[in-house]
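Hi there,

Here is the structure I promised to pass on to you. Please have a look at it first, and then read my notes below.

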Amino acid sequence: MTRTLRVLAAAAVVAAGASRAVHAQPFDPALFSGMHWRMAGPFRGGRVLAVAGVPGQPNHFYFGAVGGGVWESRNAGRTWEPIFDGQPIASIGALAVAPSDPRVLYAGSGEADMRSDISHGNGMYRSGDGGKTWARIGLVETRQIARILVDPRDANRVFVAALGHAYGPNPERGVFRSSDGGRTWSRVLFKDENTGAIDLAFDPSNSKTILAALWQTRRPPWNTYPPSNGPGSGLYRSDDGGDTWAPVGGGFPSEKLGRIGIAFAPGAPRRVYAIVDAKEGGLWASEDGGATWKRASADRRIWERGWYFGGVAVDPRDANTVYVCDTAMYRSSDGGRTFLPIKGAPGGDDYHELKIDPSDPRRMILGSDQGAVVSVDGATTWSSWYNQPTAQFYHVTTDDRVPYWIYGAQQDSGAAASPSRTDYSSITLRDWRPVAVGGENGYVAPDPERPDVAYGGGVSRFDWRTLQEQDVDPTLAYPGDYRGEWTLPLAFSPRAPHALYFGNQFVFRTLDGGGHWEKISPDLTREAPAVPATLDPATAADSATPGPRRGVVYAIAPSALTDGLVWCGTDDGFIWLTRDD
């Protein structure tokens, strides 16, 4: 089957699900009755924010992928099994196992990492049988759930930190509590419709004492990094199980305060650590349960890009051994004064959450942008991340070889390609190959006439025969100021002579594989886009700059039926059409 036929077949399958009130079915469904899904891989882990271990079962772990549901391992990460595939949501932001009954699991949907590419959820889920079956238990409009706490003595008493809608105001944010396993919920800490909760922590000696981190933030338009911080951010404390709350002062930083991560020291419960994104960011420590604070470390390595990272964990037996997650994972053995990196690439570029077995600090599970890994020897060695088919691919496409190859750009791991069929019984990890174009976030466009050549990113040319990459960026021929985004479109025309199109604020076309380019459009974005009304004042102020024009062309679709007909869409709301190429 050619690529064109495959695309048309996929479109027909989508059309079959459309409302008959809008269009009559244009084909006989029996034509596609033989089609079914099969695993194509790759087993190369994607972003994980949520990890958990099972008390008393040292080889039993769970993780939640931001695009792949909940997974379980009973052999310390050697293999993983999906246990959430029957649910209608894929993005998991938080997981918790009830310490008093490990059969009880809670999963909070919606990743709360505030990236420009973010998947929202549809509430909370609960399993009472170790993940065999699940029930949705409310908080449907919380959108992004960042943390779940379960009372160590009561599996039905649970707290949830909900960050809320990433793009607009909503009241379903803050800290929620349930005393009946999620059948009913009450919102116990709420600042305003622009401020949500990003972290929670129990005092290990008294579960009525809780610290909660609030974060006023919004995902701004025309911005890859970072989100905004607002004045609603802050640290709060409750000493009565969440009935009442008071803001934490005592020297805790407040200027330009953003995301906060919290961890009590189980071996010394009055010791609390917080990793703080603020003007005076870094690791802060309290020796009195959070009443007063001192800055333990200002090391930029442990709090750079603080809006994206907030993972902090303490050795359950040694209050001076503290771990911080960032672009690498760092460990301090002196209470946070000095840090050494103990894990980084390969096998992880961005680390998010570490959970340590309270009965054996050598056993731990770590979530990163490249999956979840387990250590049983105190972080000396780790299990593989090449056993989790949870990769996030921004775009997928195929070439015209027989069998055809599948291409995609994977978050944080680079572009990859695989044959759709092999000489063996399945497609394995060994069949997937890295591709030099496309990076972690771009399009890959195989040449329709030369399938051993592929283009990607903005723009490079890759030849499978020589494994050489050549920069054919069209902006080199047209010097000027160009705007970019995390992903810019790249598309071949399905009609001869198979022009290749690329877009930033302009559309470019080449007919000779990038040897020569022509700028074929004016700036297609809005001259003066308005600040969206959904933004809170802090984000609106950030979005007032820079410059009058900020958008880019975000999609290009050449017609398969008509020469010279090309559609374009911009990320500031325009759709364009040319009929003369």
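Strand β29 (residues 405-410) and β30 are joined by six bridges and run antiparallel. Strands here are DSSP runs (E, at least two residues; helices are H or I, at least four), numbered from the N terminus, and two strands pair if DSSP finds at least two bridges between them. Before going further, please note that this is a predicted model: local features need pLDDT of at least 70, side-chain atom pairs count only at pLDDT 80 or more, and totals for chains, interfaces and linings use all residues. Residues are numbered from 1 along each chain as its sequence is written, and side-chain values use heavy atoms, with hydrogens and water left out.

Within this pair, Trp-405 sits opposite Pro-419 of β30. The two strands make a hairpin with three residues between them, and Asp-412 in the turn has a positive phi of about 70°. On to the next partner: β30 also pairs with strand β31 (residues 433-434), antiparallel and over two bridges, with Ala-416 opposite Pro-434 in β31. Six of the six residues of β30 (residues 414-419) are buried, so this strand is largely enclosed by the rest of the structure. Buried means under 20% relative accessible area, exposed over 50%, and partly exposed in between (1.4 Å probe, protein chains only).

**A four-stranded sheet**

Further along, four strands form an open antiparallel sheet in the order β32-β33-β34-β35. β32 (444-446) and β35 (468-471) are at the edges with a single partner strand each, so one side of each has no neighbour in the sheet. Neighbouring strands are turned by 25° against each other on average, direction ignored; the axes are lines fitted to C-alpha atoms (for helices over the stretch in contact), with angles from 0 to 180 degrees between N-to-C directions. Inside the sheet, β33 (residues 453-456) and β34 (residues 460-463) share four bridges, and Val-453 has Asp-463 in β34 as its bridge partner.

In the loop between β35 and β36 (490-492) you will find Leu-476, which counts as exposed at 61% relative accessibility. Its C-alpha atom is separated by 9.6 Å from that of Trp-517, 41 residues apart along the chain.

**Cavities and a pocket**

I used a 1 Å grid over the protein atoms alone: a cavity is a set of points where a 1.4 Å probe fits but cannot get out, a pocket is an open set with protein on both sides within 12 Å along at least five of seven lines, and lining residues have an atom within 4 Å of a point. Points are joined across faces, edges and corners, and a volume is the space filled by probe spheres set on them.

The structure holds two cavities of 30 Å³ or more. The largest cavity has a volume of about 170 Å³ and is lined by 16 residues, with Leu-49, Ala-146, Arg-147, Arg-259 and His-352 nearest its centre. β9 (145-150), β13, β17 (260-264) and β25 (351-356) are the elements that give two or more residues to this lining. The second largest cavity holds about 40 Å³, and its lining includes Arg-259, Trp-303 and Asp-326.

The second largest pocket has a volume of about 1200 Å³. Of its 43 lining residues, Leu-149, Pro-266, Lys-355, Ile-356 and Pro-358 lie nearest the centre, and strand β13 (residues 195-203) gives the most, with five.

Best wishes
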